[in-house]
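Hi everyone, thanks for coming. Let me put the model up on the screen so that we can go through it together.

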Amino acid sequence: MTTVINANVSSQKSWFKWVRDNLFSSVAGTIQTFAFAALVVVVLRWLLGVAFAEKNDWTAVATNMRLLVSYNYPLSQFIRIWVAAGVLLVCAAASLGAWRFDPALTVKRMARTFYSVAVVAALCALLMPSSAPGVLVRTLWLVSTVLAIAGFAASAVASKRNNLTVSFGALLTSSVVGLLAILWFVPFGNYGVVGGSPFANPGDTVARSTKEPWTVIFTLVLFTFWASRALGTKTVAIVRSALLAFWLVGPAFLIFVVLRDPAFDWQRVWAVDVPLAAGFAFGGGLLVYLLAKPTRSSLARLVGVALSAFAILNWVAGFFGWYGMLQKVRISMLLLAILVLILPAFAGSQSKRLRIAVAWGGFILVLHWLITAINTPSTLVISAPPFLGGFTLTFAISYYVVLASFPLGVLLALARTSDLPLFRMMSTAYIEVFRGVPLITILFLFTVMLPLFLPRGMAVSDLAAVFAGYSIFSAAYLAENVRGGLQSVRQGQYEAANALGLTVFQRTLLIVLPQGLRVSIPNLVGQGIATLKETSLIAIIGGFDLLRIANSTIPNQPQFLGQKRPGLLFIAMVYFILAYTMSKSSQRLERRLDAGRM
Amino acid sequence: MHQRPPIWRNVAVLKWLAQFAVLFTVLGLFWLLASEAQENLQRRGIPAGYNWLSGPANFQLGEGIQTVDSPERRLTMSRALWVGMVNTLRVAAIGIVLSTILGVFIGVSRLSKNFIANRFASAFVETMRNIPLLVQILFWFVILGSLAPLAADSGPIPGWLIVSQKGISIPRVFLADGFYQFVAMLVVFAVPLWFIRRTLKRRQDDLGGNQRVTSTTVAYLSVSTLVAWFLNPVMGFLGGVLDSVATAWNAIPAQIIRGLFGVLIIWFAGARIRSLLNSRRTPVGFAKLTDNDWFQMLFTAFAAGVAALVVVRFRPGITTWFVESVGNFWSFLGAKFGDGRGAQPIDAMLPTLTEGRFINISNTGLTMSVFFASLLFGLVFYTSSYIAEVVRGGILAVPRGQSEAALALGFTRGQMLRKVVLPQAFRVIMPPLGNQYLNITKNTSLGIAVGFSEIVQVGQTVYNKNSQTLAVFSIYIAFFLLCSLSISAVVNTINRRLAIVER
Amino acid sequence: MSSTKPNDNTGQSPRRNMITCRGVKKWFGDFQALKGVDLDVGEQEVVVVLGPSGSGKSTLIRCINRLEVHQEGIIEVDGVELTNDLRNIEKIRSEVGMVFQLFNLFPHLSVLDNITLGPIWVRKKARVEAEKTAMELLERVGIPEQAAKFPGQLSGGQQQRVAIARALAMEPKIMLFDEPTSALDPEMIAEVLDVMRDLARRGMTMVIVTHEMGFAREVADRLVFMESGEIVEVGTTEQFFSAPREERTKKFLSQIL
């Protein structure tokens, strides 16, 4: 009993000391405290006034949630979006589990977080304008009180056992359960559009069509997280490589799931596509298998050069229209040529050759499936011409831009750090030009000019042009980030690799890139955040991304005429949550990398 | 016994071959695309070249230095683009100043020991930089759009400051007729100042004590400014001088300049080759040149030859353009001095409202339209969060011992920051800060979203009118590259200065 | 062939020549690092190169591995001349093992992966076989228990032993050592020297740049003294330490011993 009292006394003392040291340490400090407190009050009051002014109609956001998520996607097919989102989240959870993501969260820290949120909620409740709905103010007070009690309890526990931590799994489980409870029991109100006419049931909980999918997804998320955590060392390696493969190509499949249900012309598929795919897969695989023998490396180089000459000729011929050829044959031929060219670096034993051949075969089958699917009309009829929009578009564009700019950026970075002057010059010119001009001009350039540059009869959609332009632009920035990492690789590493007799290609792939990329991970995450934020520029080009919907689509609806503020504030919050989480986790990663540095 | 490897296996040769192969592939690709574009343009009946620049604009600009057709001056396409560039630079310049001030304030606050101060600064930084700039600009546009409508007594200080839906207007300070004469006179006065300062400084070094270098300079400068303010019409004769310089320049035949250019290029290449050869010279004798050296020399010579041929033979227009623009520059300056007019170099006007059916802000004051203001606010708040982080990083990069030493010497916290930490942090801060300035300049292009007439928006209007996309995009690229080059030149110069000061 | 021709300056070597240098010159910009070096190293011979810092010792052995490119003269390794020939460079590098002053282990790979990298990617061996050899080598340098660790977790002496094992895994005909003990704490030098002594005993052809005089005296067949880019004196260990011919050698030995 006495110890508890002592702890309380000391904590009260330290609390008092903290206030004195941090807020009123000197006259200047006291003035500073009051000045900043006034600033906080003014800014918060103004912001709340802007958000909850009388004329703001927040049901504009609630009613149009479906637009914000995926624009005009047909309701009957919405299950596709749920599946895509579900697979992404489940794989994310599986990755967290498989990579043993377990940041130790101390109870002390949790208590501090509870207190801060409680204080902020109370401040907001105090400063809320009179036009704000009373239920909101009451909820804020409630949240504040509950969190303050929780914080007090947590700090009481922490004062007894100082280094008590909560595992990430427990945190995840409790937050998921809490979220589900809120979803099912808190009366947010049920808003939406049915058959073109909006409805509003303010007292209800959210719509069943929202609750049920989320419940299923969250349950699966929890399940996969714990399941992947429980995996043994042997299986976890396999699961990890499967997940890596998913993060590389999975989203491409998901986009297909969302966007189209290709109506294959099976006769043509069996007559043309399947033989072609099989031919490239088996023929190419056989070629690769035969040439990957260490003794045949000069032959492989010769064949590689011949193949590349032929492949390039195919493209030139296609450009000038000398002879026709299916695009996928051109693409596969070029890829095969590149593979054969770099094959000597991978040459090796029988099993290794077999593995390369099988990998090639699998890759080509997937690629052909994708290309055929793209070129087949979709059965999914989507009402408005901009088939996709909202958050789905924002997410998809930023994901693919990062994915596509990565190889190009790495190549540019390698060229810029190489000792070959012409490569260096070319890469520098590319990087400096693209970093010197604003993204919006590049996006305009690609949407307006790409049709000019293409030969007659070829056309690209606006979105594809935006994607291409954005990736090319982004690669210049990525190259600079990667260059920083590459420069941190010490000269001795190059020398050691040379002394072993590694070729330049092997040296780059096995020694330089793994070390350089590792160092540049935090910067790359930063660039990912920038990419996500800048997808909002698509709104200017005419894409229906989050911003466009909040800023023009919703305010143009007759029942919500001119309601821009709620939408803008809402998407600002969405962007903020995404970017903030990413940047925080990147900082954590940076700290971990720093700690693990040799 | 010494064998040279066959050419196809010689690494030095192969390296250069590979480079040239890629270079020519890239150039070839460019050529292909360009010819395709040209063909497409021709098919659509869009003339190549930049002749359309001098044509009439047929549209009006929202705001800028001169936006409407007037009898004496028609708005041409080039003028419109120029107005756009000036608008861009204006927002960028104001944005750079404001966001630096705000950013430094926030960055320093974030390091403050005061709990509320550093929490507020952190919240500011995290909020501002995690919300896309475009969202912020549109947010400000909505907020400013809901300000009170314009009325005779708009604004907190009627007659001095107008704040309304139509814009924000403050008193305008502008360069009046006598400004150029004024500056010329100050330059004339500066020459003796230089001598005076040198003498005083020498005396200071020799005799010690206080020879009042600074106070003399200040006194001299204030007297000469006062004199120049009133007597500047005297300098009007410069107009005639500059005009004759222009005439003399224009009298030089373009062939001579062209030849000079050619010689200059060849001389430059020669100098590079010589410096390479010099670096291989040793006291003992000449070092053996590697294959790489030979290739470098050949490449330099080849590039110089091509450049010289292009300037002298294939594109004589480049020189002609250069000669003309330099001549125009002299005449332009001459016209500024003109006939000895001049009076007050600088003048000011208060903002007023136009009377009429619709009340409007007249252009007597310095008016910031809602478009301008929302772009500026967005840029300043967004960028200052990044600048705050740059400043914070720079200050944290100064070793702890430095500030401890300063405190031990009895400096106050403020003095320590000003005199010890900030000067050192400045060197770390400068390069990323320059990067942020560059970002502001590029991000002004988002003004297009709120309809502000900056260069990208004007350019878009232009190519929507006449389909000259290729030309307009080349102007975009040239303009922004020029901006980024000048900003990085300034930053590099400052960096070099700081580095020398340190030594 | 020139490689079998006896040479007065370098001292005659009864064995087949593994390394032949004739008039090797090397400039860094306008600084001449090697001023015409002649040297022969016979099969199974251990040659120790001595000299003050900046005398061109390291440059010489780096030229033998073509980490630096010599500009004049001839270097032959095992009868193959070092030229810009695409075919020769990698071949020679894979036959010449090199141990660096700062170990230069690959920090992102485990000890085992460091050692098997060359055999798998350059020698095209099967992984199982390469790992078996690697474990044998680790056994030989005395740290088999560290196979799964990363270089950052090892002490300097252990790292250098791994580096030696990595070079040996390529089954080189020649080993070059560039001041292998200079970056080590005194108590770790012995363990590295033990490994090198063992190598010499097994008949490896070695060229060693070192400041460890006792070690040099013990293992070297011949000693080479270099100063400012030139070979000043070459001699057998006995003759070199007891009766140096050149004034500069005497001065150097008096300073260092």
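This is a predicted model: local features need pLDDT of at least 70, side-chain atom pairs count only at pLDDT 80 or more; totals for chains, interfaces and linings use all residues.

On the chain C side, 24 residues are in contact, and they meet 25 residues of chain A. Together the two chains bury about 2,200 Å², with 66% of that on carbon and sulfur atoms. Which three residues of chain C supply more of its buried area here than any other three? They are His108(C), Trp121(C) and Lys124(C), and they account for 31% of what chain C buries against chain A.

Now the polar side of things. There are seven residue pairs in polar contact across this interface, counting pairs with both residues at pLDDT 80 or more. The salt bridge count between chain C and chain A is one. It joins the side chains of Arg62(C) and Glu495(A), at 2.6 Å from N to O.

Where does the chain C surface come from? Helix H2 (86–95), strand S6 (96–99) and helix H3 (111–121) of chain C each give at least two residues to the side touching chain A. H3(C) has the largest share, with four residues. Sorted by class, that side of chain C has 13 nonpolar, six polar and five charged residues.

Last stop, chain B. Ser374(B) sits in helix H11, residues 370–397 of that chain. Is Ser374(B) buried or exposed? Ser374(B) counts as buried, because its relative accessibility is 0%. Leaving aside residues up to four places away in sequence, Ser374(B) touches Ile137(B), Trp140(B), Phe141(B), Leu144(B) and Val450(B).

Conventions. Residues are numbered from 1 along each chain as its sequence is written. Chains are lettered from A and ligands numbered from 1 in the order in which they are written. Side-chain values use heavy atoms; hydrogens and water are left out. Contact means heavy atoms within 4.5 Å. Buried area is the accessible area (1.4 Å probe) that two parts lose on being put together, summed over both. A salt bridge is a side-chain nitrogen of Lys or Arg within 4 Å of a carboxyl oxygen of Asp or Glu. A polar contact is a pair of N or O atoms within 3.5 Å; within protein, one must be able to donate a hydrogen and the other to accept it, and residues adjacent in sequence count only if both atoms are side-chain atoms. Ala, Val, Leu, Ile, Met, Phe, Trp, Tyr, Cys and Pro count as nonpolar, Asp, Glu, Lys and Arg as charged, and the others, Gly among them, as polar. Buried means under 20% relative accessible area, exposed over 50%, partly exposed in between (1.4 Å probe, protein chains only).
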